[in-house]
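Dear colleague,

Please find below the sequence and structure that I am handing over to you. The notes that follow set out what was found.

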Amino acid sequence: MKTLIKVAAISCATVSLVLMARYSVAASDFVGVRQITAASKERGSDLAVTVWYPADAGGKPVTLGENRFFVGTDAMLEAPLSRGKYPLILLSHGAGLGGTPQAMSWIATPLAKQGFVVAAPVHFGNGGPNRSAEETMKLWLRPADISATLDAIEKQPLFENHFKVGRIGVLGLSMGGNTALALAGGRVDPVRLASYCDNDALNPSLCKWVKESSVDLHAMDMKLAGRDNEDKRIEFIMAIDPAPVDVFQADTFSKVSIPVEIVNLGQPGTIPLTALASGIAMAVPNGAYSTISEASHYSLLGECKPDAAAMAESENIGDPICSDGNGQSRLKIHQKLVTMAIEAFDQKLRSP
């Protein structure tokens, strides 16, 4: 078993130099974005899917992920797809304020600019106007959303003959990291999931919402919770601050056959146990683990607008959504995460 453990410490200037030097050949001048649908037998309805891709000039300027709290990211709606063949990254978003594909545009857009097609389905109920604590806790449905998205995008005429055969990866953020690990072969323990919110110790914010919504996890139908969600079409998994990781059956990760890279956000000793995934990285035969000590779990949200923190406090949001680690700007943390993702997916999906 070979597990790489490292601590990321990259300056903003270094990030820019790395991107310019290593990825200028693959970079596209424009990023296109389209909305497609994916049929889902699990959900009983179609999934809305956002796709970012390398584009030529054209389309309509749009900004994704912007709201009263967060800065958005620009792209070109329905711009022409650039000629070439590209690796595919399936993106799984988190819950709450990060619970939509557009909320992850800060990382999806630069990945597309560097020559990847990025496709992200809506995990129903995890965010937006239809937010539901009960649907959010049905973790076993999320991997199926990603597999259904892969089925759909492979059949999209626009992308026909534009994918590199077999070059498919998954990027998961927060609860999306749990989804990514499940697609690699990790299996949820239904007993652990049912007892997850017996008290607020594991995840105070999430479990408070679950209780306020009168959701009893012990009463939820868990027959499918522990099923195998592995998708053998996927070649590489990257999970950033995956949560909850303490609901998995630990012994399933020793059987994972693909490379898995896990990134935790925060200083050692301060990372919440429900997100701490160093043990999983060590259990995976081809696992890698790193941390960004100056970040926090909230660094996975968009860059905050100047008055966002005060607005969130006045609206009793409850979570410090604009709080990062030791004072480094969220923009710089995002740049580090983008660089790490580009390097990882480039190595795993582009190398011979």
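**Disulfides and their surroundings**

Cys304 is buried, as its relative accessible area is 19%; buried stands for under 20% relative accessible area, exposed for over 50%, and partly exposed for what lies in between (1.4 Å probe, protein chains only). Please note that this is a predicted model, in which local features need pLDDT of at least 70 and side-chain atom pairs count only at pLDDT 80 or more, while totals for chains, interfaces and linings use all residues. Residues are numbered from 1 along each chain as its sequence is written, and side-chain values use heavy atoms, with hydrogens and water left out.

Cys304 forms a disulfide (a pair of cysteine sulfur atoms within 2.5 Å) with Cys322, and the two sulfur atoms are 2.1 Å apart. The torsion about the S-S bond of this pair is about -100°, so the disulfide is left-handed. It links distant parts of the chain, 18 residues apart: Cys304 is in the loop between β11 (287–292) and α9 (308–314), and Cys322 is in the loop between α9 and α10 (330–350). The helices (H or I, at least four residues) and strands (E, at least two) named here are DSSP runs, numbered from the N terminus. Cys322 is partly exposed, with a relative accessible area of 23%.

The structure holds 2 disulfides. The other pair is Cys197 and Cys207, whose sulfur atoms are 2.1 Å apart. This link is left-handed, with -75° about the S-S bond. Cys197 lies in the loop between α6 (190–194) and α7 (204–212) and Cys207 lies in helix α7, so the pair ties together parts that are 10 residues apart in sequence. Cys197 counts as buried at 8% relative accessibility, and Cys207 counts as buried at 0%. With bonded cysteines counted along the chain, the disulfides follow the pattern 1-2, 3-4.

**Helices**

Two packed helices are described by the angle between their axes and the distance between the axes. For helix α2 (residues 105–113) and α10, the angle is about 45° and the axes are 10 Å apart. Axes are lines fitted to C-alpha atoms, for helices over the stretch in contact, and angles run from 0 to 180 degrees between N-to-C directions. The two helices are therefore oblique to each other; angles under 35 degrees count as roughly parallel, over 145 as roughly antiparallel, 65 to 115 as roughly perpendicular and the rest as oblique. Trp106, Ile107, Pro110 and Leu111 of α2 make the contact (heavy atoms within 4.5 Å) with His334, Leu337, Val338, Ala341 and Ile342 of α10.

Helix α4 (residues 141–154) has 14 residues and should span 20 Å at 1.5 Å a residue, which agrees with its end C-alpha atoms being 20 Å apart; the expected span is 1.5 Å times one less than the number of residues. Of the 14 residues of α4, 12 are buried, among them Leu141, Pro143, Ile146 and Leu150.

**Backbone features in loops**

A cis peptide bond, with omega about -5°, joins Ala243 and Pro244. Pro244 is in the loop between β9 (236–240) and β10 (260–265). Asp241 is also placed in the loop between β9 and β10. Although Asp241 is not a glycine, it has a positive phi of about 45°, and at 1% relative accessibility it counts as buried.

Glu78, likewise not a glycine, has a positive phi of about 60°. Glu78 belongs to the loop between β5 (73–77) and β6 (86–92) and counts as exposed at 51% relative accessibility.

With kind regards
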